[in-house]
Amino acid sequence: MKQLLSAGLALAFVSAPALAQQQELPSSMQAAQLQFEEMDVNNDGMLSMREVGTDSALARDFMTYDTDGDGQISEIEFDAYLRAQEQAADDEF
Ligand SMILES: [Ca+2]
Ligand SMILES: [Ca+2]
């Protein structure tokens with residue numbers, strides 16, 4: 001009986017944050033994708049150093065975020081950059 005109760009509690013604990021994340025993800029992902037598409041001038045799904053030229057923070061840390069070193073920022077790498085930016089903004093407060 002005690003085992004069943006703790007299993008139920010564990011389930012409630014796990015599913016609540018998962019649900020909250022599912023509700024928040026689409027809008028933030030959409031915003032990131034819009035931003036990416038806006039910067040991807042030639043629409044090849046990658047951001048070149050030239051394309052990120054307008055975004056000084058990404059341009060400055062281009063090499064850092066180009067984790068696979070192909071000289072372009074993929075959508076995944078851009079997402080990592082956005083997360084780092086959010087983290088940096090959080091740290092300021
Ligand atoms: Ca491009
Ligand atoms: Ca890359």
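Me: What confidence does the predicted protein chain have on average, and which element has the lowest mean pLDDT?

Reply: As a general point, where pLDDT is low, the predicted coordinates should not be read in detail. In this model the protein chain averages a pLDDT of 82, and 69% of the residues score at least 70. Among the elements, H1 has the lowest mean pLDDT, 69. The highest mean, 97, belongs to strand E2, residues 72-74.

Me: How many helices and strands does the protein chain have, and in what order do they run?

Reply: There are 4 helices and 2 strands in the protein chain. Read from the N terminus on, the order is α-β-α-α-β-α.

Me: Which residues make up the largest nonpolar core?

Reply: In soluble globular proteins, nonpolar side chains tend to be buried together. Here the largest nonpolar core has 8 residues: Phe36, Leu47, Val52, Leu58, Phe62, Ile73, Phe78 and Tyr81. Of the 93 residues of the protein chain, 12% count as buried.

Me: What does Ile73 touch, leaving out residues up to four places away in sequence?

Reply: Ile73 touches Met46, Leu47, Val52, Tyr65, Asp66 and Phe78.

Me: Why does Ile76 count as exposed?

Reply: Ile76 counts as exposed because it has 10 C-beta neighbours inside 10 Å. Ile76 is found in helix H4. Ile76 and Met46 are 30 residues apart in sequence, and their C-alpha atoms are 9.7 Å apart in space.

Me: Where is Glu37, and how far apart are Glu37 and Glu75?

Reply: Glu37 lies in helix H1. Glu37 is exposed, with 12 other C-beta atoms within 10 Å. Along the sequence, Glu37 and Glu75 are 38 residues apart; in space the C-alpha to C-alpha distance is 9.2 Å. For the whole protein chain, residues 24 or more positions apart account for 35% of the contacts with a separation of 6 or more.

Me: Is Arg50 buried or exposed, and where is it found?

Reply: Arg50 is in the loop between E1 and helix H2 (56-60). With 10 C-beta neighbours inside 10 Å, Arg50 counts as exposed. The C-alpha atoms of Arg50 and Gln72, 22 residues apart along the chain, are separated by 9.6 Å.

Me: What is the phi of Asn43, and where is Asn43 found?

Reply: Most residues other than glycine have a negative phi. Phi of Asn43 is near 55 degrees, a positive value in a residue other than glycine. Asn43 is found in the loop between helix H1 (2-39) and strand E1 (46-48). Asn43 is exposed, with 7 other C-beta atoms within 10 Å.

Key. Residues are numbered from 1 along each chain as its sequence is written. Chains are lettered from A and ligands numbered from 1 in the order in which they are written. This is a predicted model: local features need pLDDT of at least 70, side-chain atom pairs count only at pLDDT 80 or more; totals for chains, interfaces and linings use all residues. A residue is buried if 20 or more other C-beta atoms lie within 10 Å of its own, exposed if 12 or fewer, and partly exposed in between; C-beta atoms are placed from the backbone. A nonpolar core is a set of buried Ala, Val, Leu, Ile, Met, Phe, Trp, Tyr and Cys residues joined through C-beta atoms within 7 Å. Two residues are in contact if their C-beta atoms, placed from the backbone, lie within 7 Å. pLDDT is the predictor's confidence in each residue, from 0 to 100.
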